[in-house]
Amino acid sequence: MSTRTITMEVLRYRPEQDQEPFFQTYTVPCDPDWVVLDALNYIKDELDRTLSYRWSCHMFVCGSCGMVIDGEPKLGCKAFLKDYGDKIRVEPMANFPIERDLVVVIDDFIEKLESVKPYLIAKEPKTIEQGEYLQTPAQLKAYKQYSMCINCLLCYSACPQYGLDPSFVGPSALALAHRYNMDSRDVGRKAREDVVASHEGIWECSFVGACSQVCPKDVDPAGAIQQTKITSAIDYVTSFLPGGNR
Amino acid sequence: MARSSKAIPWFLFAGGGTATAFILPVIILVTGLFALFGAFSGALSYETMQAFIGNWLIKIIVFGILFLTLWHVAHRLRVVAHDFGIRADTGVAIVVYGLAAVGTIATIVALLSI
Amino acid sequence: MSRKPYVRQMSKTSWFLTHARYKNYILHEVTCIFIAIYAVILIVGLFRLGQGPEAWQGWLDGLRSPLGIIFQILAFIFAVIHTWSWFKVVPQAMRIQRGEDFVPGNLIVGVHYGVLAVISLFVLILAGVA
């Protein structure tokens, strides 16, 4: 198997010694079927132990290795070297503060995720004896796509509205709110609406659609948000009618 | 976080976007081909247009299309201003929706004068 | 070890130049500028129609002026861009579920173009025979 020599330009940032980030170049002998994550692992194992980055499953299900590769938000484990030239630029995800090297601070997202109540809110609590919830395949299909989100945050990296205004709740959190709103077992739409339908919620979104384009799991958060806009707008208007909740 | 009132202009934006997507290309085509080659000069003559727009049902349709178009472009201009870095969203909103309101009233006045 | 997270600044006025997908987005957003001007032209036309034959002729002459022609060519291009970009995203905004399946996006978009063709043909025929 022939090896390819790839020049990796990786953004470094060591908070204890650097004033600002800078690019460091590594020359990496790669197997042709490697992904960018493999090249990073080679760098860390053989060339520079100090390089820091997140990764875990190496099979695009955990969402840990989000980064920007040649200007495009991608999972490191899903970026195949055969799709790139001999020089690859790797940076941390955009729109998040850099903790160190390719590791970003995601606390803001965690707070936003919690704020949309990403769990089933049932009509009333069910005991084991009452039996399980029943759900038809059609009811499952209604929300299944949005349940595939792995919180990799590539969508936040791609979203220019999040970049312009970090108070935006953001694609992943709103897609997950939609996942629960569309679940037949859930009655929590009203409970989520204060965050979802706020100025910083769905209404900050201008349907750029970049989030859905970069999503590695085809969640289509942009679609989730637009669908939520329709139901939320109807909710808002009808809430002014007699009997509506305000 | 309170629920945003952006829902209402968004409804008009969506309705206007749909209306303009379906009707605007052919309207511009008609006036454009007239401008270039004098096509449709019969339809665009004073007598024909007077009679056509004079019809009350047509007035309502024309108003509907222009109303939706005005509020569609107003909301989109608000978003574009934000995308181009203009931070004063409330000020921009007042200006664009104010202009749309002026345009709406102007349309009514103009249609009533025909 | 003390933390010192680094925040990279994003240009608020030229961010859309950094990637083709953002340029595409701004392109379909700014269609509203041309559509707005064209709507104003139409409203002015309505006023001229109410003011009598000479005023109306003045408006028609304005359409045929070089500026009028150039603007209408641009407005047509941007109107088509608006229509194309609007139709493209309808399946995302409106998922229609039938049983366990969703109506294919291509079908939804195709129906939109079909309706566009019918409406356009109707208007052209109406204007052609008048």
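Some conventions come first. Residues are numbered from 1 along each chain as its sequence is written, and chains are lettered from A and ligands numbered from 1 in the order in which they are written. Because the model is predicted, local features need pLDDT of at least 70 and side-chain atom pairs count only at pLDDT 80 or more, while totals for chains, interfaces and linings use all residues.

I begin with chain A. Chain A is divided into domain 1 (4-104) and domain 2 (107-238), with bounds that come from an automatic or database domain assignment. The C-alpha centres of these two domains of chain A are 30 Å apart. Between them, 13 residues of domain 1 are in contact with 12 residues of domain 2, where contact requires C-beta atoms, placed from the backbone, within 7 Å. On the domain 1 side, β3 and β4 of chain A each supply at least two residues, and β4(A) gives the most, with three residues. That side divides into eight nonpolar, three polar and two charged residues. In this classification, Ala, Val, Leu, Ile, Met, Phe, Trp, Tyr, Cys and Pro count as nonpolar, Asp, Glu, Lys and Arg as charged, and the others, Gly among them, as polar.

Helices (H or I, at least four residues) and strands (E, at least two) are DSSP runs, numbered from the N terminus; two strands pair if DSSP finds at least two bridges between them. Strand β3 (residues 66-69) and strand β4 (residues 72-75) of chain A run antiparallel and are joined by four bridges. Gly66(A) stands opposite Leu75(A). The two strands form a hairpin with two residues between them, and Asp70(A) in the turn has a positive phi of about 50 degrees.

I turn to the interfaces with chain C. The contact between chains A and C takes 27 residues from chain A and 20 residues from chain C. Among the elements of chain A that each supply at least two residues are β6 (98-100) and α9 (221-238). By class, the chain A side has 15 nonpolar, seven polar and five charged residues.

Between chains B and C, 43 residues of chain B are in contact with 43 residues of chain C. On the chain B side, α1(B) gives the most, with 16 residues. That side has 29 nonpolar, 12 polar and two charged residues.

Chain C itself is divided into domain 1 (16-78) and domain 2 (94-130), whose C-alpha centres are separated by 25 Å.

How far should helix α4 of chain B span? At 1.5 Å a residue, its 24 residues (89-112) should span 34 Å, and the end C-alpha atoms are 34 Å apart, which agrees; the expected span is 1.5 Å times one less than the number of residues. Its buried residues include Val96(B), Gly103(B) and Leu111(B). A residue is buried if 20 or more other C-beta atoms lie within 10 Å of its own, exposed if 12 or fewer, and partly exposed in between, with C-beta atoms placed from the backbone. The buried residues of α4(B) pack against α3 of chain B together with α2 (31-51) of chain C.

Finally, the core. A nonpolar core is a set of buried Ala, Val, Leu, Ile, Met, Phe, Trp, Tyr and Cys residues joined through C-beta atoms within 7 Å. The largest one has 114 residues, and Val36(A), Cys155(A) and Ile35(C) are among those that touch the most other members. Helix α3 (residues 56-83) of chain B contributes the largest share, 12 residues. Beyond its neighbours within four places in sequence, Ile35(C) is in contact with residues including Leu24(B), Val73(B) and Phe78(C).

Note on methods:
Contact = placed C-beta atoms within 7 Å.
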